[in-house]
Amino acid sequence: MSRPVIAYHLILTCYGFWLPNDERGSGSTEVRAKHLRPFGSANADRADGVRSVANRELDREKAKAAKAALKWPPVKLDGRQALGVANGMSRRLEQDEVECFAFAVMPDHLHCVISRGERSAEQMMTRLKAAATWQLIEEDRHPLAEFAEPGKRPPKVFAKSGRKRFLFTAADVERTVLYVNKNPVKAGLPPQNWGFIATYQG
């Protein structure tokens with residue numbers, strides 16, 4: 001009998017952060033963006049802690065060329081944009097009656113640990129990204145606003161899909177919460193304290 005999932009660890013990356021054919025692994029099985037195919041083939045190496053290849057040596061010239069081939073500049077959230085992302089996502093979590101046990105917004109990606117709720121991890125990733133995007137648009141802080149075509153929405157802030165980890169035990173949740181909370185500090189940023197964080201009760 002399989003163990004029930006009690007929480008999700010969601011990792012959402014901003015546009016241009018971790019390309020689908022990144023040599024360090026991405027979980028991709030194909031490169032759908034034709035303009036990125038010349039810079040490497042897709043691979044199924046896991047970069048989610050199951051079989052991490054994040055420390056594999058990277059061909060920096062190839063990576064630089066791939067970044068240059070992007071349609072838009074890679075998204076880098078500033079402090080106000082990060083706050084907008086957090087505000088939009090926290091409202092969505094409240095509306096969906098989902099608890100958030102840890103949340104960290106980095107300049108080019110974010111982590112959150114949330115209770116399972118009634119929706120799949122994929123559905124929650126979609127809903128959270130949409131909520132954050134609308135919040136940035138409402139605040140006139142969308143990082144790619146200048147590239148919007150007349151009458152259309154700006155390019156997407158977040159990369160398609162995202163990474164997910166299923167958490168099955170209290171120990172899984174507690175360990176992941178600690179990991180997420182340490183992320184900003186490890187990157188040389190101040191600790192993040194969000195008012196919508198719930199204490200995990202085990």
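Partly exposed describes a residue whose relative accessible area falls between the buried limit of under 20% and the exposed limit of over 50%. Glu139, with a relative accessible area of 27%, is therefore partly exposed. Keep in mind that this is a predicted model. Here is a short tour of its nonpolar cores, its cysteines and its salt bridges.

**Nonpolar cores**

- The largest nonpolar core holds 30 residues, and those with the most contacts inside it are Leu10, Val85, Met89, Phe103, Ile114, Leu128 and Phe158.
- Two or more residues of this core come from each of β1 (7-13), α2 (79-95), β2 (100-105), β3 (109-115) and α3 (121-138).
- Helix α3 is the top contributor to this core, giving six residues.
- Phe103 has contacts that include Ala86, Met89, Leu110, Cys112, Val180 and Trp194, leaving aside residues up to four places away in sequence.
- Another core, of ten residues, lies apart from the largest one, and among its members are Ala104, Val113, Leu167 and Val180.

**Val180**

- Val180 sits in helix α4 (residues 170-186) and is buried, with a relative accessible area of 0%.
- Beyond residues up to four places away in sequence, Val180 touches His9, Ala102, Phe103, Ala104, His111 and Val113.
- Val180 and Leu110 are 70 residues apart in sequence, while their C-alpha atoms are 9.0 Å apart in space.

**Cysteines**

- The disulfide count is zero.
- The closest cysteine sulfur to that of Cys100 is in Cys112, at 5.6 Å, which is too far for a bond because a disulfide needs the two sulfur atoms within 2.5 Å.
- Both cysteines are buried: Cys100 has 2% relative accessibility and Cys112 has 1%.

**Salt bridges**

- Seven salt bridges turn up in a search of the whole structure.
- Asp96 pairs with Arg127, their closest N and O atoms being 2.8 Å apart.
- Because Asp96 lies in the loop between α2 and β2 and Arg127 in helix α3, this pair ties together parts that are 31 residues apart in sequence.
- Asp96 is buried at 13% relative accessibility, whereas Arg127 is partly exposed at 24%.
- Lys164 forms a salt bridge with Glu122, again with the closest N and O atoms 2.8 Å apart.
- That pair links distant parts of the chain, with Lys164 in strand β4 (residues 163-167) and Glu122 in helix α3, 42 residues apart.
- Lys164 is partly exposed at 32%, and Glu122 is partly exposed at 38%.
- Glu139 forms a salt bridge with Arg141, with the closest N and O atoms 3.8 Å apart, and Arg141 is partly exposed at 30%.

Conventions:
Residues are numbered from 1 along each chain as its sequence is written. This is a predicted model: local features need pLDDT of at least 70, side-chain atom pairs count only at pLDDT 80 or more; totals for chains, interfaces and linings use all residues. Side-chain values use heavy atoms; hydrogens and water are left out. Buried means under 20% relative accessible area, exposed over 50%, partly exposed in between (1.4 Å probe, protein chains only). Helices (H or I, at least four residues) and strands (E, at least two) are DSSP runs, numbered from the N terminus. Contact means heavy atoms within 4.5 Å. A nonpolar core is a set of buried Ala, Val, Leu, Ile, Met, Phe, Trp, Tyr and Cys residues joined through side-chain atoms within 4.5 Å. A salt bridge is a side-chain nitrogen of Lys or Arg within 4 Å of a carboxyl oxygen of Asp or Glu.
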